[in-house]
Amino acid sequence: MNAIAAQFTSPTGSRDTWAEVMLPAIAHNMRLFSRQKAKACRLMAVVKANAYGHGAVEVARTALSAGAEYLGVALVDEGLQLRESGITQPILVLGYTPPHAVEAALVQNITLTVFTEEVLEEIIVCARRHKIKARIHLKYDTGMSRIGLASIPAVTRLMEQASAAASDVIVEGMFTHFADADGADPGFAQEQFARFTACIKALESKGFHIPIKHCCNSAAAMRFPEMHLDMIRVGIALYGLYPSEQLRLPEYPLQQAMSLKTRIAALHPALPGQTVGYGRTYRAADDTLIATIPIGYADGLSRSLSNCGYALVRGQRVPVIGRICMDQAMLDVSGVQGISTGDEVVMFGSTGRPGEEIALGEMAAWMNTIHYEVICAISQRVPRLYRQ
C-alpha cells in the first residue's frame with residue numbers, strides 16, 4: 001500500500017489493527033552503516049520477506065535514498081515486485097532460483113545467485129535468447145551448510161563454465177554467509193572468512209576477477225569491519241533490531257522501525273472464578289475488567305503468547321489472558337484508570353512517550369523465539385501505515 005500521511009493514527013479499514021512503520025528510523029539505520037563502512041564498500045539493503053514484514057517497496061525506496069546501492073531478496077518474485085514498482089537499482093536474489101524462473105529474472109535485469117551447473121546453463125541459454133548479458137554471483141558454502149558450492153575445486157569449475165560463456169554471462173560477485181557472526185565466540189566466523197578469502201585467492205591465481213566479494217550480514221558488518229570487502233548486506237539491523245544483545249554498540253544506535261497496534265473493541269467485567277477464552281485456560285482470581293482487542297494469530301499475534309504476553313494500554317503494561325484466538329485476544333485491564341473502548345493498545349513498539357515501549361526482543365523471549373520471526377509473522381491482512 002502507499003505511504004499514509006503522518007496525521008493518520010489508525011487505518012481506515014474494517015478493524016482498528018495496524019502495523020506502524022517509521023520510515024525515518026529505516027533511513028537512520030541505513031545511514032549508520034553508510035558512515036561506518038569504507039568509502040569503496042557497497043551497501044546492500046536486504047528487503048526479502050516483504051522487508052522482514054515492514055513492506056518491501058516502501059523500505060527499499062527509503063533505504064536507497066539513505067545510501068543503499070544494492071537490494072537483496074530471497075526469491076525472484078520478490079525482485080519482480082520491486083521492478084514492477086519502478087525500482088531500477090541492482091537486485092540480487094540471495095537464495096536458490098529454479099531453472100523455470102531464470103528467464104523472468106533476467107528479462108527484468110535481476111542478478112541471480114548460482115551454485116549449480118543446471119541453473120548456470122539455463123542462465124546462458126536465456127541470455128543468448130534475449131541477447132542480454134546476465135549478471136550472477138557465485139555462492140560458496142564456508143560452513144553454513146545450507147546452499148552453495150562446498151569446495152574450491154567446485155567453485156573453480158563453475159567459474160570456468162561461466163567464463164567460457166563470457167559473452168552471455170558475467171560473474172559480478174561471489175559471497176558466503178556466516179553461521180554465527182553474532183555469537184559470543186568469534187572463532188567460527190573467522191574460520192569462515194579465512195575459507196572465503198582462500199577461495200578468492202585461488203580464483204585470482206588462475207586469472208579470474210570478481211568485482212564484488214561479500215560475506216558480512218548485519219552482525220558481521222557491525223562486529224568485523226575488516227571483513228567488509230566490497231559490499232556489506234544489512235538485514236535485521238536495517239529495521240532497528242540488534243542481531244544479539246552483545247552487538248548493542250555505541251556506534252550503532254539503532255531505532256526500531258515497527259510498532260504493532262490495535263484498539264479496544266469491548267470492555268466487560270468478570271467475576272471471581274469466571275473463565276476466559278477457549279479451553280478455559282484462564283480463571284479470574286478477583287473482580288476483573290477484560291478488554292477484547294481485534295487481533296489474533298491470523299494477524300501474526302502468536303498463540304504462544306496466551307496467558308504469558310503483555311500489551312501497553314494508556315502507558316501501562318497489562319497481561320494477555322486466555323488463549324489468543326484467530327481474530328481476537330483478551331487483556332486484563334483492571335488496574336488501568338479511565339479506560340474506554342477505542343483506546344489504543346500497543347502489542348509491541350512504542351506509544352511515542354518516553355519509557356512506554358515493549359521491545360521486540362521482549363516479545364520474542366515470551367514466545368521462545370527470535371525477533372526476526374515476530375516481525376516476519378505479521379500477516380498481510382494487517383495494514384502497514386508509514387510515517388514520514
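Colleague: Leaving aside its neighbours within four places in sequence, which residues is glutamate 20 in contact with?
Modeller: This is a predicted model, in which local features need pLDDT of at least 70 and side-chain atom pairs count only at pLDDT 80 or more, while totals for chains, interfaces and linings use all residues. Residues are numbered from 1 along each chain as its sequence is written, and side-chain values use heavy atoms, with hydrogens and water left out. Taking contact to mean heavy atoms within 4.5 Å, and setting aside neighbours within four places in sequence, glutamate 20 is in contact with Ala257, Met258, Ser259, Lys261, Leu385 and Arg387.

Colleague: Is glutamate 20 buried or exposed?
Modeller: Glutamate 20 lies in strand S1, residues 17-22, where a strand is a DSSP run of E with at least two residues, numbered from the N terminus. Buried means under 20% relative accessible area, exposed over 50%, and partly exposed in between, with a 1.4 Å probe and protein chains only. The relative accessible area of glutamate 20 is 10%, so the residue is buried.

Colleague: Which side chain does a polar contact of 3.0 Å join to that of glutamate 20?
Modeller: A polar contact is a pair of N or O atoms within 3.5 Å; within protein, one must be able to donate a hydrogen and the other to accept it, and residues adjacent in sequence count only if both atoms are side-chain atoms. The side chain of glutamate 20 has such a contact of 3.3 Å with that of lysine 261. The polar contact of 3.0 Å joins glutamate 20 to the side chain of arginine 387.

Colleague: How many Å apart in space are methionine 330 and isoleucine 293, C-alpha to C-alpha?
Modeller: Methionine 330 is found in strand S17, residues 329-332, and with 10% relative accessibility it counts as buried. Not counting residues up to four places away in sequence, methionine 330 touches several residues, including Val276, Ile290 and Pro319. Methionine 330 and isoleucine 293 are 37 residues apart in sequence, while their C-alpha to C-alpha distance in space is 6.2 Å.

Colleague: What percentage of the residues in the chain is buried?
Modeller: The chain holds 11 helices and 20 strands, a helix being a DSSP run of H or I with at least four residues. Among contacts between residues at least 6 apart in sequence, 67% join residues at least 24 apart. Of the 388 residues in the chain, the buried ones make up 53%.
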